[in-house]
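Me: Hey, can you walk me through this one? I'm new to reading structures.
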Amino acid sequence: MILIVGQAPSRSSDSPLAFSGGPNQRKLEELLGLSAGELHLRFRCVNLLSSWPGWRGGDGGSLPSRGLYGWYDGRGRIVVDVKRARAPTKKPGFSWTYPGYKADLTPLGVAAHEAGHHVYSQMYRRIDKRAWRDVLKREAPCTRYEPNMSEAFAEAFKLFLTNPDLLRVGRPLRWEFFTKRLKLKPVRDLSWRAVLRRAHPKFIAAAESWIARGR
Ligand SMILES: [Zn+2]
């Protein structure tokens, strides 16, 4: 039995049957040389997600990226636009993105940032907003993208997941907020240099000056 895997049902239907009735069913039938309606007789079709993950957008054949690298739907699901996400930068210059570095638009970094939104929403009541705002006031930014408290949380949490030691030495107030106030535990136990061991030396130099700015 051949299984055809789709992404998600469309915004308006939560049909458990993938590729049912929409333009994608017809397109697949054309590509496979089938007559109309034959797709589901010949193939098993399932979706990765059981319902539409966003608030708006097109059909389930292209998940709604809303022009973002990823987003959190507020219900425990993270969508990463892998096509839009970047590959790790080999030699920094124009682009500076690397997994475990503070600027990280790789799928890992995007997913970790969105996980930060998930944690922020799950722990919302326990997060002392005044104390968090105070941390943001007293400490240098973690990254350039901190337009509000929730994004600042997601950016710091990204590092907490991908390179906790870098957050610990570079932005210690954020680190303390996560580990002491929120009692979160890092999942990695490696030095930040070990995490970045395959990165171009420019990343190491930039991380060092980023750490110095946080002091
Ligand atoms: Zn965000």
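This is a predicted model: local features need pLDDT of at least 70, side-chain atom pairs count only at pLDDT 80 or more; totals for chains, interfaces and linings use all residues.

Me: OK, which domains does the assignment give the chain?
Reply: It gives domain 1, covering 1-63, and domain 2, covering 107-213. Their centres, taken over C-alpha atoms, are separated by 39 Å.

Me: And what does the secondary structure of the chain come to?
Reply: Nine helices and four strands. Going along the sequence, the pattern reads β-α-α-β-β-β-α-α-α-α-α-α-α.

Me: What does the C-alpha trace span along its principal axes?
Reply: About 65 × 40 × 30 Å. The chain has 215 residues, and 33% of them count as buried. As for contacts with a separation of 6 or more, 60% are between residues 24 or more positions apart.

Me: Let's zoom in. Where is Q25 found?
Reply: Q25 sits in helix 1, which runs over residues 23-31.

Me: Is Q25 buried or exposed?
Reply: Buried, because 21 other C-beta atoms lie within 10 Å of Q25, and the cut-off for buried is 20 or more.

Me: Which residues is Q25 in contact with, leaving aside neighbours within four places in sequence?
Reply: Those would be F19, S20 and L39.

Me: What about P16, buried or exposed?
Reply: Exposed: P16 has 11 other C-beta atoms within 10 Å, and a residue counts as exposed at 12 or fewer. P16 lies in the loop that links strand 1 (3-6) and helix 1. Its C-alpha is 7.6 Å from that of V46, although the two are 30 residues apart along the chain.

Me: Switching to the other end: how does the span of helix 9 check out?
Reply: Helix 9 has 13 residues (201-213), so at 1.5 Å a residue it should span 18 Å; its end C-alpha atoms are 19 Å apart, which agrees.

Me: Which residues of helix 9 are buried?
Reply: F203, A207 and W210 are. Looking down the axis of helix 9, those buried residues fall within an arc of 60°, so they line one face.

Me: Why would residues three or four places apart point the same way?
Reply: Because an α-helix has 3.6 residues a turn.

Me: Nice. What do the buried residues of helix 9 pack against?
Reply: Helix 6 (164-170) and helix 8 (192-195). The face turned away from the buried side carries the exposed residues P201, A205, S209 and A212.

Me: How many of the residues in helix 5 are buried?
Reply: Eleven of its 14, so helix 5 is mostly covered. The buried ones include F153, F157 and F160. They pack against helix 3 (107-122), helix 4 (129-138), helix 6 and helix 7 (172-181). From first C-alpha to last, helix 5 (residues 149-162) reaches 20 Å, close to the 20 Å expected.

Me: You mentioned helix 4 and helix 7. At what angle do they pack?
Reply: About 155°, and their axes are 9 Å apart. That makes helix 4 roughly antiparallel to helix 7, because angles over 145 count that way.

Me: And which residues meet there?
Reply: From helix 4 you have A131, W132, V135 and R138, and they meet L173, R174, F177 and R181 in helix 7.

Note on methods. Residues are numbered from 1 along each chain as its sequence is written. Helices (H or I, at least four residues) and strands (E, at least two) are DSSP runs, numbered from the N terminus. Two residues are in contact if their C-beta atoms, placed from the backbone, lie within 7 Å. Domain bounds come from an automatic or database domain assignment. The expected span of a helix is 1.5 Å times one less than its number of residues. The arc is that of the directions from the helix axis to the C-beta atoms. Axes are lines fitted to C-alpha atoms, for helices over the stretch in contact, and angles run from 0 to 180 degrees between N-to-C directions. Angles under 35 degrees count as roughly parallel, over 145 as roughly antiparallel, 65 to 115 as roughly perpendicular and the rest as oblique.
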